[in-house]
2 protein chains.
Amino acid sequence: MLNIIILSVGKIKEKYFQEAFDEYFKRLKPYAKIEVQELKPEPFMSDSDKEKSKKIEGERILKFLDNHKDREVIILDENGRNISSVKFSEYLFGINRQIVFVVGGTLGFSDDVLKKYKNKVSLSDMTFPHEMAKVILIEQVYRAFAISKGKRYHY
Amino acid sequence: MLNIIILSVGKIKEKYFQEAFDEYFKRLKPYAKIEVQELKPEPFMSDSDKEKSKKIEGERILKFLDNHKDREVIILDENGRNISSVKFSEYLFGINRQIVFVVGGTLGFSDDVLKKYKNKVSLSDMTFPHEMAKVILIEQVYRAFAISKGKRYHY
């Protein structure tokens, strides 16, 4: 059974994205252990604050991952490797340990995070709002499950 | 000013995806002429019906496009070219005519459509539900606009 933490910086603010997320969460629940962990985003007022805030958020991510060392860490990053839904399914179901997906916040990932964790998957070459990325991620996890079970899933 | 038709087969059924779509539509409205056209999907009961229904839907798409010959036709297809949001923005704003994006339905595109229209853009190597693809598309059009205007758009 898939055992996944979705770690993100900040909550989903838009009601419609939260509802979309919840729908796939609900569909997955009987078949997977999914947990959502939301780290506090660091506020920033000016452009010069951004790097500092990104670094602080990065430290929060690194601390969380340090406490989950047994898990396969998958960073969602637009510079990561592109992968089809079928390959993504094969990859997920081929991992013999618990998984943590990391979704960056508004500011993206600090260099510290990107340097330490090299296993990066890209949802697209395009840049998405992080709230939408969370919806896409959980839909792809659901799809991965459907693919692995040969389940009919119309889209 | 961008002048875009988003042509799709079928409506968005999920309320949350429709609301997400509407939000970006509303944000774009002052800056672009966007029109949504939804063709009737063809029902299918069995796997053997699928090809026939896909072909019929394809004929509807081709007929629509025949009536909009002056437009740049962009097929959204996972086998299309991957493109970053910045390149997508440059591409969109470099087109000197009206545009029609075509989003397939549950069944995808018929060979007739894929053969006739070669200009294909991929949102991702992953397969998305067509409803979600419409949300991603309009968010990227909004982002393209924000990029071209140097507008601050936090994500």
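Chain A has 155 residues, and a compact globule of that length would have a radius of gyration near 15 Å; chain A has 15 Å, which agrees. The radius of gyration is taken over C-alpha atoms, and the globule rule is 2.2 Å times the number of residues to the power 0.38. This is a predicted model, in which local features need pLDDT of at least 70, side-chain atom pairs count only at pLDDT 80 or more, and totals for chains, interfaces and linings use all residues. Residues are numbered from 1 along each chain as its sequence is written, while chains are lettered from A and ligands numbered from 1 in the order in which they are written.

Along its principal axes, the C-alpha trace of chain A spans about 50 × 35 × 25 Å. Its secondary structure comes to five helices and five strands, where helices (H or I, at least four residues) and strands (E, at least two) are DSSP runs numbered from the N terminus. Read along the sequence, chain A follows the pattern β-α-β-α-β-α-β-α-β-α.

Chain B shows how such elements are connected. Strand 1 (residues 2-9) and strand 2 (residues 32-39) of chain B pair in the parallel sense over eight bridges; pairing requires that DSSP find at least two bridges between two strands. Between these strands of chain B the chain passes through helix 1 (residues 15-28), and this β-α-β crossover is right-handed. The term means that, with the strands pointing away from the viewer, the path from the first strand over the helix to the second runs clockwise.

Val100(A) counts as buried because it has 21 C-beta neighbours inside 10 Å. A residue is buried if 20 or more other C-beta atoms, placed from the backbone, lie within 10 Å of its own, exposed if 12 or fewer, and partly exposed in between. Buried residues make up 38% of the 155 residues in chain A.

The two chains also meet. The contact takes 23 residues from chain A and 23 residues from chain B, two residues being in contact if their C-beta atoms, placed from the backbone, lie within 7 Å. On the side of chain A that touches chain B, the largest share, five residues, comes from helix 5 of chain A. A rotation of 180° with 0.0 Å of shift along its axis superposes chain A on chain B (RMSD 0.0 Å), by least squares on the C-alpha atoms of residues with pLDDT of at least 70 in both. That is the relation of a two-fold axis. Because 100% of the interface residues of chain A are also interface residues in chain B, the copies meet through the same surface.
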